[in-house]
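Work through the exercises below with the sequence and the model open side by side, and try each task before reading its solution.

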Amino acid sequence: MTVLLPVLAAACMLVAAITDIRSRRIPNLICLAIAILACARMIVEITGPGDLSFAVTGMVLDLAVGCGVLIVTAVLFGLGVIGGGDAKLFTAGTLFVGAARSVDFFFAVAVFGLILALLFMVSKMTVRMEGEVVAAFEKLPYGVAIAAGCVYVLAAGV
């Protein structure tokens, strides 16, 4: 895979993380850009050297895993567990990393999510101990964990 596609995907993830921190929203355009980059990655893999049937099978698996993640995250969004932007970003990230690295992506997101949650709890405890009324975060910007997990997997795979 060309290095340009993962770099562009990582840049989009960084923008998503920053906007999630600032406004607790992840723009649809960012998720769409990552999904388009995922399609470009799949096309590069199909048109590249190697067995065409193996590449097509990989693309079908990538799309199947992406659809599965979309269904699960849509249910979590419907239950109010995660935000809609998080669901879309997680799905787009899964599509980009592909089925072969999706478990690594899920694990990395979970680890970075745990770190983010711990930082969130510490920041709330610090704010309370100093006697301030305003909390550091009202909602956990989980797009940061998704972006960090995706960038980590992309960096490890390049």
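This is a predicted model: local features need pLDDT of at least 70, side-chain atom pairs count only at pLDDT 80 or more; totals for chains, interfaces and linings use all residues.

Residues are numbered from 1 along each chain as its sequence is written, and side-chain values use heavy atoms, with hydrogens and water left out.

**Exercise 1.** Find where in the protein chain confidence is lowest and where it is highest.

*Solution.* Begin with the chain, whose mean pLDDT (the predictor's confidence in each residue, from 0 to 100) is 89, with 89% of its residues at 70 or more. Then turn to the elements: helix H5 (residues 102-129) is lowest at a mean of 85, and H4 is highest at 97.

**Exercise 2.** Determine how helix H4 (residues 84-97) and helix H6 (residues 143-157) pack.

*Solution.* First, the angle is about 5 degrees and the axes are 10 Å apart. That angle makes H4 roughly parallel to H6, a term for angles under 35 degrees. Next, the contact (heavy atoms within 4.5 Å) involves residues including Leu89, Phe90 and Phe96 of H4 and Ile146, Cys150 and Val153 of H6.

**Exercise 3.** Decide whether Arg41 is buried or exposed, and identify the backbone oxygen that lies 2.9 Å from a polar atom of its side chain.

*Solution.* Arg41 is located in helix H2 (residues 28-47). Its relative accessibility is 2%, so Arg41 counts as buried, that is, under 20% relative accessible area with a 1.4 Å probe and protein chains only. The backbone oxygen belongs to Leu95.

Methods
Axes are lines fitted to C-alpha atoms, for helices over the stretch in contact, and angles run from 0 to 180 degrees between N-to-C directions. Helices (H or I, at least four residues) and strands (E, at least two) are DSSP runs, numbered from the N terminus. Angles under 35 degrees count as roughly parallel, over 145 as roughly antiparallel, 65 to 115 as roughly perpendicular and the rest as oblique. Buried means under 20% relative accessible area, exposed over 50%, partly exposed in between (1.4 Å probe, protein chains only). A polar contact is a pair of N or O atoms within 3.5 Å; within protein, one must be able to donate a hydrogen and the other to accept it, and residues adjacent in sequence count only if both atoms are side-chain atoms.
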